[in-house]
Each structure stands twice: as structure tokens, then as C-alpha cells.
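Colleague: I am new to this one. Please walk me through how to read its features.

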Amino acid sequence: MKRLLIVESPAKIKTISKFLDSSFKIMSTMGHVKDLPQKKLGVKAKGDTFVIEYVPIKDKDKVIASIAKEAHNSQEIFLAPDPDREGEIIAWHICKEIEKVTPKNAHIYRIAFNEITKSAILQAIAHPSTIKEERVAAQQARRVLDRWVGYEVSPILWKKIAPGLSAGRVQSVALRFICDREDAIRNFKSEEYWTIEGIFRHGKEELVTQLFHINKKKPELSTKQATQSIVEQIQKESYIVSEITDKTRLKQPLPPFMTSTLQQAAYNALGFSVKKTMMVAQQLYEGLPLDDPKNPVALITYMRTDSLRIADSAIDSARSFIKKRFSSDYLPSRAQEYVKKTKGSVQDAHEAIRPIDIALEPAQVKKYMPGSDAAKLYELIWKRFVACQMSPAQYAQRQVLIAGGKFLFKAIGSSLLFDGFLKVYSPEEEDKEDKVIIPAGITQKQQINLDKTVPKQHFTQPPSRYTEASLIKELVKEGIGRPSTYATILATIRGRAYTTLDEKKRFIPTELGMTVTKMLIEHLPKIMDVSFTANLELDLDKIAAGQLERDTLLHTFWNTFEPELQKFQGESGKAKKEVITIDIVCPECGKANLAIKFGKAGEFLACSSYPKCSFTSNFKRNEHGEIALVQQEKPIMLDEKCPKCTKPLRQIRGKFGPFTACSGYPECNYIQKVKAPFACPMCKHDVVQKFWRGGSLFGCDNYPKCKFAIFDAIEPSPCPNCKWPFLIKKTNKNGDISLMCANKECGLKK
């Protein structure tokens with residue numbers, strides 16, 4: 001009997017093939033095979049239903065044809081894309097295609113597995129199911145909602161602001177978080193406040209305390225003068241230890257990872273972007289070679305989940321490992337169970353992210369992949385999972401209150417009695433805790449001497465800008481997005497010109513991002529409303545659970561969205577260009593105010609009376625959002641003449657750095673090209689430096705006929721092996737340089 005198993009990713013084929021016999025042929029869809037058409041909406045209302053048009057994705061016709069050809073000769077077909085809604089729609093699309101060609105007696109099944117192990121694969125094949133139409137409907141609803149917002153709103157932004165802009169149902173709300181936070185930072189007024197530290201002497205030891213109460217009320221000290229007056233009063237009093245309270249504090253282990261918490265922890269602990277985390281986690285899920293390069297091993301369960309559920313077998317393995325490796329003290333009497341506390345329902349009841357084999361410790365993985373990102377992420381997942389089933393850490397906590405007159409000082413110290421789960425996994429905040437040492441032998445009601453009083457000045461701080469990790473935390477808290485969408489949301493926000501990153505990799509909205517967000521909030525308040533978007537996510541979950549009809553949700557959304565959309569477009573259907581004038585008068589004409597404009601090179605200021613006045617300038621904002629003009633560098637005139645018109649060349653600073661061009665611009669548009677010291681190895685034309693939004697590259701001057709390009713740094717020395725005209729130079733974070741041949745057939749690396 002010929003059997004066909006269809007997976008989503010080709011990387012899984014090698015891992016799965018070692019579990020199945022020769023009757024199986026394993027093929028991959030290589031992701032989605034069909035989607036809505038690119039050049040039209042692809043969604044039509046027909047009575048009470050919506051008709052969705054699907055077309056093959058570019059270059060996927062061959063994939064579909066190849067799978068259909070194999071299905072034609074198979075008696076059993078197992079659809080095994082990933083166990084989420086995106087995987088379900090892929091299975092559904094492939095099923096619709098192969099139904100046309102499969103023999104009458106053939107059977108098409110849907111199978112799903114949370115881990116790529118022999119037992120999981122064989123169990124799935126032994127107990128096949130059918131495609132879950134509710135999950136398909138939920139994915140379709142999400143795709144249609146996103147298409148409506150993207151295709152209907154984006155063209156209006158092109159007309160009102162600048163060409164090429166985009167809006168997104170979830171993307172725009174996520175951008176709103178960033179913009180709202182920036183507004184809060186700009187509007188923040190810092191306030192001064194003071195605290196007072198009392199340092200008491202107990203024998204040879206010091207006890208550092210904080211002023212806790214004045215007349216049984218929290219002290220509110222806002223000026224140096226008021227604080228100094230209190231300090232003088234404090235120093236006149238005598239003090240006794242009024243109360244000592246001892247208790248044991250338990251610190252519970254954190255739950256195992258789900259998608260959002262893994263992304264946050266990997267960002268904070270490893271510096272991984274969300275995109276990188278998901279890419280590496282995908283590799284761990286699909287399988288990587290360890291001791292045998294020919295046999296990849298799947299290391300973790302499915303990584304797109306918002307469930308904290310753990311399989312009983314995995315709990316048993318973890319408890320057995322903990323007892324054997326450590327001792328029974330580290331093993332709680334009952335297994336730890338975790339309940340998700342964030343908004344929204346659990347995505348398809350997947351398991352939490354955990355190692356497949358608890359006995360495969362991080363050190364063993366490191367041995368085969370030293371220093372690799374995969375080994376680092378596996379260690380993080382492994383430690384978090386083992387720790388989640390261990391005993392809590394125990395601290396001895398002592399609180400000391402010291403009273404004198406109307407003043408009360410407080411100190412709280414703690415010491416670790418039992419490390420518990422901290423033996424395996426220590427959260428970052430554990431290392432940041434201030435350690436207060438309470439002197440031994442201190443007793444209640446004893447007199448104690450005040451050694452010195454230290455007033456400290458502070459200023460309230462504005463809220464922090466979002467990092468990738470903190471933005472995902474906010475999205476999860478508000479119920480925006482789902483595990484399969486977080487990476488896409490972040491990639492879209494970073495990929496657009498709506499945000500930049502500061503030196504600490506925190507999001508700063510650009511003027512364009514702020515303008516688009518304010519416009520959408522004003523004209524499309526519903527789709528920019530956080531609660532509305534979160535409730536849509538819950539409705540999509542209801543569709544997946546069979547509790548809500550797909551078209552009911554789509555009709556409800558469209559009936560809300562369409563009136564706002566029509567109003568946004570304007571009664572005449574012609575949107576007027578948005579002009580953002582500021583309170584700075586043009587320094588050139590002295591009459592009109594300057595306005596923020598958006599061009600291909602980014603945002604800039606221009607006189608609002610253009611074309612009467614053609615003044616332009618770059619600008620920057622300070623921390624309060626105030627705009628200041630940036631003095632433009634004057635061109636440097638060169639002795640060299642333009643080879644095109646003989647006028648002098650000049651060096652100008654542009655968006656991508658300095659370049660040399662003709663001073664006769666715009667009559668002469670000559671730009672001097674930086675040539676590489678070798679010819680194109682493909683067509684022998686010149687190789688020249690080019691610039692793009694992501695940086696610079698060297699590419700063939702014969703483009704687009706020749707598409708040869710180098711995105712890395714170049715070492716202009718021929719390869720000693722194959723005589724290729726140059727080597728690629730890469731520098732790691734430690735400053736170590738590697739040279740490698742760009743000729744893939746050579747493979748030189750040193």
C-alpha cells in the first residue's frame with residue numbers, strides 16, 4: 001500500500017522519515033500554498049455569506065502539482081501541517097487540490113502532533129482525524145479581516161500622507177501602543193522628591209534603614225529645604241527597636257514557557273529578537289543533528305502556543321529526573337500545575353513549550369553545537385521546564401522597625417534558606433534584588449544609636465519605551481494577537497518606516513508613524529480601539545471552538561468598519577493631502593510656517609508656501625517632543641571635474657552617507673560610483689557600491705540583466721584555493737575576523 005504524508009516544512013522530512021517504513025512518501029508544502037489574490041480584494045458578499053477567492057502563491061503551482069501527482073497513486077494520505085490554525089488552512093487547501101485526483105478508494109486524513117518523536121508520529125497515524133472546519137473558518141475570518149483593513153485603508157493613507165504606506169488590523173493597534181507611550185514620555189513633567197536613609201549602629205555593624213513614617217503617615221518630601229528640616233528633627237531623637245518580625249517567604253517557580261514568555265525571556269536573557277527566537281525554536285522543534293549527522297533529533301514541543309498545560313508523561317519524567325539528580329527535598333509532594341491568567345482562551349489546547357526528552361541535558365546539546373543559538377535557546381527552555389516542577393525557594397525574612405519620637409524607620413532583610421528551583425533556573429529579577437543585612441543579635445525594645453542621616457534627591461522618571469519583549473508583554477496583557485502572530489506583528493512594525501530603535505533597542509515612533517496613528521485614531525476609532533481588537537481575537541477563538549459562525553463575525557465587523565471607512569475617504573471619494581504645520585516660521589521667507597513632509601528619504605521640514613518658497617531642512621525632536629532644525633552640511637567642492645558636463649564635482653551628505661555628485665544638478669545628474677577592484681565574476685562588468693534602506697552593498701553595474709550582489713564586507717584578495725576575485729569578511733561580536741570564499745563550490749574558510 002502506498003501512503004503519502006504531507007508536512008508543512010521540508011526540514012521535518014528527514015526527522016520523520018527515520019520513524020516510518022518504506023511504504024510512506026513524505027512531502028512538504030513549504031508553507032502556505034494558496035492565499036487571497038495580491039492585486040484585488042478577493043472577498044465578495046453573496047447574500048448572507050462571504051465568498052473567498054484563493055489563488056496559488058507565486059511559485060507554488062509546481063509544489064501543488066507535485067503533491068497531487070503523488071496523491072493520485074496513494075491509497076492513504078495523511079495531512080500533517082503544523083497543529084494550529086495556519087496549519088489547518090494549509091491542510092484544507094492541499095485537501096481541496098488532491099481530492100480532484102485521488103482514487104475513489106483512497107482515504108485522506110488529518111493528523112497532528114505536538115512533538116516530532118516516533119511515538120507521537122505513530123500515535124497520530126494510528127488515530128487519524130479529519131480537517132477541523134471550525135479552525136479553517138477562524139483562520140479565514142482572520143485573513144479576511146486583515147485584508148479588509150490592509151486593502152481598504154492603505155490606499156487612503158497613500159493619498160492623504162505618502163505613497164507606499166500600510167495599515168493593519170493588529171499592526172496599527174500595536175503601533176498605537178508605541179505612539180501613546182512616546183506621547184506620555186513627551187508630556188511627562190519630572191517632579192522632585194526626597195527620601196531619607198537612617199544608618200544605625202549595632203556594635204561594629206551598620207543597619208541601613210529607610211524613613212517609613214512621620215506621625216504614622218508616609219513622608220512626602222518634595223524640596224531640599226523641607227527635607228533638611230526633617231533631618232535636623234530626626235537627629236535630635238533617641239531610638240529603640242520597636243518591633244522585629246520574622247517569617248519565611250516562599251518564592252514559587254515560574255510556569256513553563258508559552259510563545260510570548262519564551263520570546264520575552266530569550267530577548268532579555270539572550271538578546272534574541274522575536275523573529276530570531278521563533279526561527280531557532282522552529283529548528284529545535286523540527287530536529288537538529290546531534291551525535292549522528294544523518295539523524296536529526298527533535299528537541300522541543302511545538303513552539304506556537306499560549307497553553308501552560310503539560311502532558312502527564314512529561315511531568316512524570318521531570319519529577320523522576322529531579323528526584324534522581326538532586327534529592328527529594330527539591331521535589332514537591334504534588335506536581336506543579338499552572339493556569340494561564342492572561343486575556344483570551346487557550347490556543348487549541350496545545351502543550352506548553354518543553355524539552356521532549358528531559359534526560360537530554362543542555363550540556364549534551366552544547367557538545368554537538370558549541371556556542372550555537374540553538375543550544376542557548378534549548379538550555380533556556382530546558383531549565384525553565386525542569387524548574388517549574390521543583391520545590392519553591394525559601395527565604396528567612398526579617399523586618400525591623402526603629403522608632404524615635406514621631407519618626408519610624410524600617411529595614412527588611414532576607415537570606416536564602418533553601419534554593420529550591422533556583423538551583424536550576426534563576427530569573428533575572430533574582431539577581432537585581434538589593435541585599436539588606438540585618439545585624440545578628442539585634443533585639444526588640446533595645447536602644448540603638450543613629451549614626452548618620454542621608455537625604456537623597458530623586459526625580460520621577462517617564463515611562464520607558466517599549467522593547468520587543470515589553471511590547472509583546474503588553475499585547476498579551478491586552479489580549480491583542482495570538483502565538484502565531486506575535487513575530488509577524490513585530491517584524492511589520494520594525495520593517496516599516498513607522499519606527500526606529502534607540503541605542504537600547506527600544507522603539508521610537510517616527511513622525512510618519514505618529515502621523516499615521518493619529519489619523520487612524522481620528523477617522524477609524526473602532527479598529528484602533530484596544531478593547532474592540534481584543535474582543536475580535538476572542539470572537540476568532542469562538543469560531544475555532546464552533547461557538548460562532550464565521551460570516552456572522554465578518555458581517556458584524558464590516559457593518560462597523562464600512563461607515564467609518566466611507567467617512568475617512570471623504571464624500572467625493574478624493575482624499576486631501578494631510579498638512580502638518582508646526583509653530584516655526586520659515587527662516588528663508590519669514591512668512592509661512594514650516595510643515596512636516598514625508599519623502600522617499602524620510603521626513604523633513606518644508607515651507608508651507610511651496611512652491612513660492614522652496615526651503616527644506618532636516619529636523620530632530622528633544623525628549624519633550626519639541627522640534628529643532630538640523631543645520632545641513634554644506635557641500636564640499638572638489639578639484640575634480642564631472643566627466644559628463646565638466647562642472648566641478650562636490651561631496652554631499654545624503655540619507656545613506658556622503659557621496660560625490662555633479663555641482664550642476666539638476667541639469668546634470670552624474671553621481672560618482674565607488675568601484676570594487678575586480679570585475680563581476682558573472683558577466684565581467686564593473687562591480688559598484690549601491691545603497692538601499694537596509695544599508696549598502698556591492699552589485700553588478702549591469703543590473704537588472706545581471707543580478708550579482710554582495711551584502712557582506714569584502715576583502716579584495718583572490719581566494720588562494722579557486723582564485724575567485726575576492727573573499728567575504730565577517731566580524732563577530734568579539735572582533736574576530738573570518739574570511740571565506742564567496743564561491744559556494746569552493747567552501748574556503750579561515
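**Helices that cross**

Modeller: Start with a helix pair. Helix α8 (residues 259–270) and helix α12 (residues 373–388) cross at roughly 120°, and their axes come within 11 Å. This is a predicted model, in which local features need pLDDT of at least 70, side-chain atom pairs count only at pLDDT 80 or more, and totals for chains, interfaces and linings use all residues. Residues are numbered from 1 along each chain as its sequence is written, and side-chain values use heavy atoms, with hydrogens and water left out.

Colleague: How are helices, strands and axes defined here?

Modeller: Helices (H or I, at least four residues) and strands (E, at least two) are DSSP runs, numbered from the N terminus. Axes are lines fitted to C-alpha atoms, for helices over the stretch in contact; angles run from 0 to 180 degrees between N-to-C directions.

Colleague: What word describes how α8 and α12 lie to each other?

Modeller: Angles under 35 degrees count as roughly parallel, over 145 as roughly antiparallel, 65 to 115 as roughly perpendicular and the rest as oblique. α8 and α12 are therefore oblique to each other.

Colleague: Is the crossing of α8 and α12 left-handed or right-handed?

Modeller: A crossing is left-handed if the near helix is turned anticlockwise from the far one by less than a right angle, and right-handed if clockwise. α8 passes α12 in a right-handed crossing. On the α8 side, the contact (heavy atoms within 4.5 Å) is made by Thr261, Leu262, Ala265, Ala266, Ala269 and Leu270. α12 brings Lys376, Leu377, Leu380, Ile381 and Arg384.

Colleague: At what angle do α8 and helix α9 pack?

Modeller: The angle between α8 and α9 (residues 274–286) is about 115°, with the axes 9 Å apart. The two are therefore roughly perpendicular to each other. Their crossing is right-handed. Thr259, Leu262, Gln263 and Ala266 of α8 make the contact with Val274, Thr277 and Met278 of α9.

Colleague: Now strands. How do I read a sheet?

Modeller: Strands of a sheet pair through backbone hydrogen bonds, either parallel or antiparallel. Here two strands pair if DSSP finds at least two bridges between them.

Colleague: How many bridges join β22 and β23?

Modeller: Four, in the antiparallel sense; β22 covers residues 616–621. Asn618 stands opposite Val630 in β23.

Colleague: How do I read a salt bridge?

Modeller: Side chains of opposite charge can pair when their charged atoms come close. The rule is a side-chain nitrogen of Lys or Arg within 4 Å of a carboxyl oxygen of Asp or Glu. By this rule the count comes to 37 salt bridges.

Colleague: What does the pair of Arg3 and Glu76 tie together?

Modeller: The closest N and O atoms of Arg3 and Glu76 are 3.7 Å apart. Arg3 lies in strand β1 (residues 3–7) and Glu76 in strand β7 (residues 76–80), so the pair ties together parts that are 73 residues apart in sequence. Glu76 is buried, at 16% relative accessible area. Buried means under 20%, exposed over 50%, partly exposed in between (1.4 Å probe, protein chains only).

Colleague: Where does the bridge of Asp451 and Arg201 lie?

Modeller: Asp451 sits in strand β16 (residues 447–459) and Arg201 in strand β9 (residues 192–202), so this pair ties together parts 250 residues apart in sequence. The N to O distance is 3.2 Å. Asp451 is partly exposed at 38%, and Arg201 is partly exposed at 30%.

**The whole chain**

Colleague: How many helices and strands are in the chain?

Modeller: There are 18 helices and 33 strands. Buried residues make up 47% of the 750 residues.
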